[in-house]
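Keep the viewer open as you read.

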Amino acid sequence: MSAGLGDPVPGVPLTCSPAELRHLFLFEKLSDDQLAWLCREGRVELFEPGPVYTEGDPATCFYVLLSGTVVMSRQVGGDDVEVGRTSSVGVYSGAFNAYLGDRVPQIYLQSLRVTELSRFFVLDAAKFAQLMNEWFPMAVHLLEGLFFGQKNTQEAIGQRERLLALGSLSAGLTHELNNPASAAVRATASLRERVAGMRHKLALIAAKPKDPAALTALMRLQEEAAARVAKAPALSPLEASDREDTITDWLDEHSVSNGWELAATFTQAGLDTAWLDQVTATMADSSADPLALDSTFRWIYYTVETELLMNEIEDSVTRISTLVGAAKQYSQLDRAPYQVVDVHELLDSTLLMLGGKIGPDITVVKDYDRGLPQIPAYPGELNQVWTNLIDNAVSAMDGTGTLTVRTSRDKDQLLVEFADTGPGIPPEIRSRIFEPFFTTKPVGQGTGLGLDISWRIVVNRHHGDLRVATSVPGDTRLQVRLPLTAVADG
């Protein structure tokens with residue numbers, strides 16, 4: 001320690017020397033009166049190894065290192081992550097935003113500790129604010145403009161980022177909705193034709209008296225054919241083709257006109273030649289004047305077609321309902337901003353919303369641990385994180401590859417991992433990808449705020465962690481860790 005300090009006691013103010021302050025780069029341009037004011041209003045304190053202040057606590061003091069070693073750290077996912085370590089005399093920390101007053105939260109933005117007996121010049125936050133406003137009024141105005149201007153710019157660009165994402169999602173959702181809607185319209189038009197055909201065939205059947213037994217048998221076969229549609233087995237393309245050929249041959253052998261037209265529909269409905277033999281036997285066993293076999297099969301054909309078309313309409317409408325539900329889940333309409341959620345529901349809704357952008361040549365693999373508990377979160381904001389990370393992965397793969405979304409438990413945190421088979425992140429820029437405005441996309445295709453916003457949502461809002469776990473050609477993994485239980489928002 002400096003000569004003349006005697007036996008200093010940690011925590012007890014020491015003598016403040018204007019001459020010593022003048023040797024610090026922060027104060028070297030001050031006048032004698034200003035240095036005297038600093039010593040009069042401030043103090044010199046000694047700190048033993050350990051914490052000086054903690055991130056998130058009220059920022060009450062401005063600290064300037066006179067001797068010793070300091071370590072600065074940030075809370076990331078419940079862990080203290082070191083962001084700086086120095087013994088350089090004159091480095092400062094603490095309440096250096098005090099001059100902005102209550103326009104910004106006056107809290108410590110990081111934690112500070114010392115690793116050896118260290119000495120600081122300490123100035124209360126209120127005195128530091130007074131110093132700045134009285135001694136450097138023009139500088140304060142410039143700093144305020146810079147601080148709030150940058151903040152407003154970042155918020156505006158962040159809003160633009162969200163609007164761009166919303167536009168992309170809207171386009172994708174419109175595309176996804178259009179497919180089932182168009183299918184439903186086509187199926188409805190075809191269904192109208194089939195019903196008209198059934199009416200025509202019914203008129204022909206009713207043109208002359210028929211044996212009630214034959215009509216009863218026909219109705220029974222119609223019901224059985226409709227029931228078989230719901231139980232139709234899934235056939236491979238080769239199996240379906242073989243069955244179509246077999247049914248076509250059977251219909252030709254039994255003098256059913258244009259049997260090839262009926263064969264594809266019968267195959268799709270799960271009908272086979274064994275069942276067609278039953279139809280023939282049933283109609284042959286009916287009493288006098290049985291209906292012609294050709295008319296019978298045409299009637300069954302219309303019945304099966306009607307069932308298949310109604311199934312297609314049901315599937316299309318269900319798909320539309322699912323998409324609307326996913327959009328509602330994604331946007332979190334009529335839901336509380338902070339709630340207990342199932343992460344898998346959020347991931348599924350985001351993947352569904354981005355289906356059009358992901359494209360057919362990217363395989364999506366969901367490796368979910370369904371045993372994970374629900375967690376407290378801001379679901380709308382997490383959906384924004386998922387959107388940014390999936391969008392980056394898809395862009396990296398240039399439309400072709402495999403996207404794997406994996407969930408698991410990592411101690412007291414829930415882990416969500418996004419893996420892609422793209423070229424990877426170059427080592428020289430890996431440390432910069434979370435910086436605001438940093439982007440590798442061409443001009444006009446990215447703002448450079450997607451990962452910055454994601455990092456702030458995960459780390460600041462959810463007290464979690466977002467990092468690049470690995471990145472090599474063919475295997476890039478970004479990991480999000482979220483607390484399983486609620487954490488007080490600092």
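## Ground rules

This is a predicted model, so to speak: local features need pLDDT of at least 70, side-chain atom pairs count only at pLDDT 80 or more, and totals for chains, interfaces and linings use all residues. Residues are numbered from 1 along each chain as its sequence is written, and side-chain values use heavy atoms, with hydrogens and water left out.

## A covered strand

Strand β12 (residues 401-410) runs antiparallel to β13, joined by eight bridges, and R406 has E417 as its bridge partner. Two residues sit between the strands of this hairpin, where K411 takes a positive phi near 60 degrees. Strand β15 (residues 475-483) also pairs with β13 in the antiparallel sense, over eight bridges, with P483 opposite Q413.

## Salt bridges

The whole structure has 14 salt bridges, each a side-chain nitrogen of Lys or Arg within 4 Å of a carboxyl oxygen of Asp or Glu. One of them joins D32 and R22 at 2.3 Å, N to O. D32 lies in helix α2 (residues 32-41) and R22 in helix α1 (residues 18-22), so the pair ties together parts that are 10 residues apart in sequence. D32 counts as exposed at 56% relative accessibility, while R22 is partly exposed at 31%.

Another pairs E261 with R298, the closest N and O atoms being 3.6 Å apart. This one links distant parts of the chain, helix α7 and helix α9 (residues 293-331), 37 residues apart. E261 is partly exposed at 34%, whereas R298 is buried at 11%.

## A negative patch

E239, D242, D245, D249, D252 and E253 form a negative surface patch; patch residues have over 30% relative accessible area and no salt bridge, with like charges joined within 9 Å. E239 belongs to helix α6 (residues 237-253) and is partly exposed, at 44% relative accessible area.

Notes: Patch = residues over 30% accessible without salt bridge, like charges linked within 9 Å, V, L, I, M, F, W, Y side chains within 5 Å. Areas by Shrake-Rupley, 256 points an atom, 1.4 Å probe, with all protein chains shown as cover. Lys, Arg positive; Asp, Glu negative; His and termini not counted. Charge placed at Lys NZ, Arg CZ, Asp CG, Glu CD. Helix = DSSP H or I, 4+ residues; strand = E, 2+ residues; numbered from the N terminus. Buried < 20%, exposed > 50% of the residue type's maximum accessible area, 1.4 Å probe, protein only. Pairing = 2+ DSSP bridges.
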